[in-house]
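Welcome! Here is a short tour of a structure that may be new to you. Take a look at it first, and then read on.

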Amino acid sequence: MVDEVVDVLIVGAGAAGAAMAWSLSDTRMKIVCLEQGGWMNPAEYPSTQSDWELRQFGDFGLSPNGRGRPEDYPINDSGSPIAISNFNAVGGSTILYAAHFPRFHPADFKVRTLDGVADDWPIDYARLEPYYEQNAQMMGVAGLAGDPAYPHKELPLPPVSLGKLGHTLAGGFNKLGWHWWPSDSAIATVPHNGRAQCINLGPCLTGCAQGAKGSTDVTYWPAAVRQGVELRTHCRVREITVDEKDMADGVIYYDADGVERRQSAEIVIVCCNGVGTPRLLLNSRSRAFPDGIANRSGLVGRNLMFHPYAMVQGVFDERLEGFKGPMGCCIVSQEFYETDPARGFLRGYSYEITRGIGPVGTALSGMSSGEIPWGAGHHEAYEARFDRSAGMVAICEDLPEPHNRVTLDPELVDSNAIPAPRIEYRLSENSRKMLEHCMARGQEVLQAAGAHSTTAQGPLPFAGWHLMGTARMGTDPAASVVNEWGRAHDVRNLFIVDGSIFVTAAAVNPTNTIQALALYVADSIKERLANLFD
Amino acid sequence: MSQAANDSGFSEAQERALACVLDEIIPPSEDGRFPGAGELGLVSYVRKQALDLVPMIAQGLTSLDELALARGAADFATLPRSERRGVLEELAAREAGFLPLLLFHTFSGYYQQPPVLEALGLEARPPFPEGHEIEPNDHSLLDPVRARGPVYRF
C-alpha cells in the first residue's frame, strides 16, 4: 500500500469522528478515517433473538474487558470505583448508548463564574447553539419544545412515547411540584432521513435492529461516505508521528491483518473518547514530545471526569408495560440541576426515568438482590415484581480533579502489543454528598408516584459511560491541551474532538455536546483553511 | 456415578437428577399456570449454556446422590421432595460453585421459554421485528411544569 499523503486523517469513527468527517467532507479535501472496529450488522443485534436479554452480559456487554471482541483494547480500571464502558465499531459507543440527547445548559459553560469551582469554558452556549440545531437534524432528535429548564429550542421530531410507566412517574413529579419533561432523544419517532421509525423494541442499549436509534453508523457515516470520505475499518492506530518542525505528519497503525502501516496526513484529528484519546497521545512519544504528543502542559490524561450515577427503583402494585419503549429515554427531571448551597454540595444532577426490565432481567436482578427466591415462593415473588418495577438513574455532575487520570499501564497491552490505558479515579466528597441527596429525593418521588417499596444504589460500578476532561480546552497553554477551537496548543495541525476536551462535565449525557463541538471545530477549521497552521 | 455419560455429558441418571434439581429451583406453581423448570426441559438448555462446566455439574450431581444415599434414598431423584431442598443446601455449603451456576442458568433459561412468557401475558417472541404498541402521550400533565416558568440560570 502506497503511503499517499491525505489532507485530513481522523482517528476514530464514533460520535465525534463521524460528525467531523461529514462536516469537513464539503471541502472536497481527501479525508481518511481509521477505525479499529468494523461495521455492525443490525440483523444480528440481540433484539432479533430470544436470548436478547442475556447478550448484554456477553458480546454486547458494557466493559471491553469482558466482551471478548477482537477489536476491543483492555483497560485497567481496577483503580476506579467506576468501570469504563465503551464500544469499538463504526459508530463507536453510540452503538450501545441510550440515545438520551440533552444539551448542556448556559450555566454549564461558566461554573467558575457562577459557583466558584472548576473552570469556565472558553466558549459559551450561544457559540454551540447553531451546532446543536444542525446536529439535531443529522442525528434525528425527538423532543418537545418549551422545556422550562432550557432556553427555547425546537427539535425536528415528536417526543418518544412515555407509556404507562412514564405517565405514572410523571404523576409523582407533579405531586411534589418538581420539574420533569419528555427526554430529548436521538430516536426517529417518525421516519427521518431514510431511517425507519422507532417501534418501541426496548433494548436500545444492545444496538437498534430497527435503525431508529441515532448511532452514527446510520446517521453521519452514510452521508460522509457518499461525499467521498474513506473509512478504513479494523485499523488500530499505535501512534501519531511528528516531523522536524514538531508538526504531526501522520500515524502508524495496524491493519486488519495485523500488518504495520503508515498513513501520512496534513491534518490529524483525534476522536477516540476520553480514555482512548489520552492513551493515543501518551503513546505518541518523540524527541520533541518525550511525555506524549501535545502534552507540554502535563495535562494529557488528567482531570478525568465520569458522571457518577445512582439508580433508584420502586415496586408498584400495577403492571406498567415498562419493557415497551426506548430503555433509556422517557422523561427527565432537572429539579436539582442548578446549585443550591443549602444542599451541602455544588452543582447538581438530572434524573432520567428508565423503562422497566424484561422477564430474564427481572429474574436475575431479583435473584441477586434476594427478593426472588428459588424454590417455594418463587412464582409469587416473581409476579409481584415483573413489570411492576420502575425507576430512574441520577446523573451527577463530576468536577475536574487532576489526580483523576488516564495513564499508560506498565504491563497491560492490547492484541497489537500497544500499551493499554490505566485509570486512577477517586469519588470526590462533593459527588458523595450529591449521590446521597439524589438517592433520597429519588425514593421520595417514586413513593409519590405510588411505589410501595423503594431501593437506591450509588455510585453504579458499571456506569463509566461518559469519559471526559482528559485533554481539556482552554486559552492558556499551561492550563489546557487544546485551544478554544480544538487545536492542540503544542501542535498546530493536530486537533482533538471528543469528550476529552470538555472543561466541565455538566449533569447531562455528553454525546450531543461532543457532536456540537465536532461541528463547531470543523467549521473553525474550514473558516481558517488559508492560514490554519499560523 | 457408575453409569457412563451419554452425548450430553451426563448419564441418564444424572439427567434425571438434574431435572429434579431444576424443579427444586423453580417448581411448578400451585395454581398450575407455570411449569417446573425440570419438566419444562431446561436440562438441555443448562448443558448448552454451561458446556465447559458440565464436569463440575456432573460432580455436583454425584455428590447429591451420595447425600441422598446417606438419608436412606437410592439417589437424589428418589429422595422425598420435602428433603431435596435440605440436601441442595447441604451441598451448596460444601461446593460453592454448583448451586449459583444452576440458579443463574435456570432463572435465565426459564424466562425465555414460550409457555412461561405466555403465562406472564407476553407474546413469546423477541422484540424485533414486531416491536410494541404504546399508549399516546398525555402532554396536559405538563401544565403545572409549564406554569412554574424557567428553572435555569443564564
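A salt bridge here is a side-chain nitrogen of Lys or Arg within 4 Å of a carboxyl oxygen of Asp or Glu. A:Arg236 forms one with A:Asp414, their closest N and O atoms being 3.7 Å apart. This pair links distant parts of the chain, 178 residues apart: A:Arg236 sits in strand E6 (residues 236-242) of chain A, and A:Asp414 in the loop between E13 and E14 of chain A. Helices (H or I, at least four residues) and strands (E, at least two) are DSSP runs, numbered from the N terminus.

This is a predicted model, in which local features need pLDDT of at least 70, side-chain atom pairs count only at pLDDT 80 or more, and totals for chains, interfaces and linings use all residues. Residues are numbered from 1 along each chain as its sequence is written, chains are lettered from A and ligands numbered from 1 in the order in which they are written, and side-chain values use heavy atoms, leaving out hydrogens and water.

Over all chains, the structure holds 40 salt bridges. Three of them are listed here:

| Salt bridge | N to O distance |
|---|---|
| A:Arg347 and A:Asp115 | 2.8 Å |
| A:Arg236 and A:Asp414 | 3.7 Å |
| B:Glu90 and B:Arg71 | 3.2 Å |

How exposed are these residues? Buried means under 20% relative accessible area, exposed over 50%, and partly exposed in between (1.4 Å probe, protein chains only). A:Arg347 is buried at 0%, while B:Glu90 is partly exposed at 38%.

Finally, A:Arg347 and A:Asp115 also belong to a salt-bridge network that includes B:Arg153.
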